[in-house]
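I opened my notebook to look things up in this model one step at a time. Here is what I wrote down as I went.

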Amino acid sequence: MKSLYAFVKKESLELIRSGKLVLLVIISCLFGIMNPFIAKITPWLMEMMSDQLAESGMSITTIKVDAITSWTQFYKNVPLLLIIFVIIMSGILTNEYQKGTLINILTKGLERWKVIIAKAMIMIGLWTICYWLCFVVTYLYNLYFWDNQIVSHMVLGASYVYLFGIWLIALILLGSTLFRTSYGVIGFVGGVFMIVYILSMVPQIQEYLPSQLLNSMSLLLSTTYPSDYLATILITLLTSIMSIGLSLVIFNKKAF
Amino acid sequence: MTLKDILPFLIPLIIVEFALLAYTLHHILTHQHYKRGNRVLWIIVTLVGMEFIGPVLYFVLGKEDN
């Protein structure tokens, strides 16, 4: 346990020194501010464009902006935050393969599973900080300008997207054990996501796929209910645990 | 749409963006070697890359691993 703790500590120090922590925290803040900002300037943008739109036959009546507009932006922008997170984290293991820094630690007797578990803990911790920071910033702005009361299951809806992030982290780990370069990892995570996304176009299986978690905006509008997501949550958790387990197995047999 | 409406967004946005810019520039200027490219290139990318794209590109592609 002591060596796991030491390794996690070393990893978090590396996260700070490499600037990745600061970068991701600042970007999360930016995203958190941008969501309500875009919602706030929407009516103004529409007004600017109203002349052009009138020419093409569209007339604009008053646009109502409220907390829902802002939360819609949140759900639109979170995938972008996820993409940035995956790109920045894609080198978490592959960089170490290329520099050969893991060999020293492993030959000194650190068990291999501890490497994977420590990396998973670090990434989940970082994702927790970034995602909920973005959420809290958007939440506070909504509280200030509008009324958060009109949306239901706000925190629960956000946790579903958070869970989707955990699923991607498990995929990053699996990709890192399968491929040697960070481009391979990005390709793997992107590829699996694309497959799931294409599969989600089939209505019968849509509600069982992890990508369904990204649609939890409808929870805020009360068009769906928390229990509708039970199947996808179970499958997401199961596949996350499976891919971490699989990466443990592959990593154990990996030659450096 | 008045200035008073925008200010609560504008002030934090400016602070956060400049913090990111300053941090990235500091990182570029205090390092001699990069994975790819040179100092001038990365300064231009950081300044031109609007908001966060430039700094992200630098930290992903340009920063040397030590």
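This is a predicted model: local features need pLDDT of at least 70, side-chain atom pairs count only at pLDDT 80 or more; totals for chains, interfaces and linings use all residues.

**Entry 1**

I began with residues 78–95 of chain A, where the span is 94% helix and 0% strand.

Next I looked at residues 160–179 of chain A. Here the chain is 95% helix and 0% strand, with 29 Å between the end C-alpha atoms.

Why did I pick these spans? I took them from the UniProt record, an unreviewed entry, which annotates residues 78–95 and 160–179 of chain A, among others, as "transmembrane region". The other spans under that annotation are 21–39, 116–140, 186–209 and 229–251. I'm noting that such annotations may be inferred rather than shown by experiment.

**Entry 1: where chain A meets chain B**

How many residues of chain A are in contact with chain B? I got 27 residues of chain A, in contact with 24 residues of chain B.

I then looked up the area. The two chains bury about 2200 Å² between them, and 81% of that is on carbon and sulfur atoms. Which helices of chain A each supply at least two residues to the side that touches chain B? They are α2 (20–55), α3 (67–89), α4 (91–99) and α6 (112–145). The largest share comes from α2(A), with 14 residues. Sorted by class, this side of chain A has 22 nonpolar, 3 polar and 2 charged residues.

I also checked for charged pairs across the interface of chain A and chain B, and the rule finds 0 salt bridges there. For polar contacts between chain A and chain B, the count is 1 residue pair, with both residues at pLDDT 80 or more.

A reminder to myself: side chains of opposite charge can pair when their charged atoms come close. Searching the whole structure gave me 6 salt bridges over all chains. I followed a few of them in chain A.

I started with Glu14(A) and Lys10(A), whose side chains meet in a salt bridge at 3.6 Å, N to O. Both sit in helix α1 (residues 2–17) of chain A, and because they are 4 residues apart, about one helical turn separates them.

Glu96(A) has 4% relative accessibility, so I put it down as buried.

**Entry 2: Lys119(A)**

Lys119(A) is in helix α6 of chain A. At 0% relative accessibility, it counts as buried, because the cut-off is under 20%.

What is Lys119(A) in contact with, leaving aside its neighbours within four places in sequence? I listed Phe7(A), Glu11(A), Ile92(A), Leu93(A), Glu96(A) and Leu173(A).

One of these, Glu11(A), forms a salt bridge with Lys119(A) at 3.1 Å, N to O. Lys119(A) lies in helix α6 and Glu11(A) in helix α1 of chain A, so the pair ties together parts that are 108 residues apart in sequence. Glu11(A) is buried as well, with a relative accessible area of 4%.

**Entry 3: Ser218(A)**

My last stop was Ser218(A), in helix α10 (residues 217–220) of chain A. It counts as buried, at 18% relative accessibility.

Leaving aside neighbours within four places in sequence, I found Ser218(A) in contact with Thr223(A), Thr224(A) and Tyr229(A). With Thr224(A), the contact is polar, side chain to side chain, at 3.0 Å. A polar atom of the Ser218(A) side chain also lies 3.1 Å from the backbone oxygen of Asn215(A).

Ser218(A) and Ser152(A) are 66 residues apart in sequence, and their C-alpha atoms are 9.6 Å apart in space.

Notes: Residues are numbered from 1 along each chain as its sequence is written. Chains are lettered from A and ligands numbered from 1 in the order in which they are written. Side-chain values use heavy atoms; hydrogens and water are left out. Contact means heavy atoms within 4.5 Å. Buried area is the accessible area (1.4 Å probe) that two parts lose on being put together, summed over both. A salt bridge is a side-chain nitrogen of Lys or Arg within 4 Å of a carboxyl oxygen of Asp or Glu. A polar contact is a pair of N or O atoms within 3.5 Å; within protein, one must be able to donate a hydrogen and the other to accept it, and residues adjacent in sequence count only if both atoms are side-chain atoms. Ala, Val, Leu, Ile, Met, Phe, Trp, Tyr, Cys and Pro count as nonpolar, Asp, Glu, Lys and Arg as charged, and the others, Gly among them, as polar. Buried means under 20% relative accessible area, exposed over 50%, partly exposed in between (1.4 Å probe, protein chains only).
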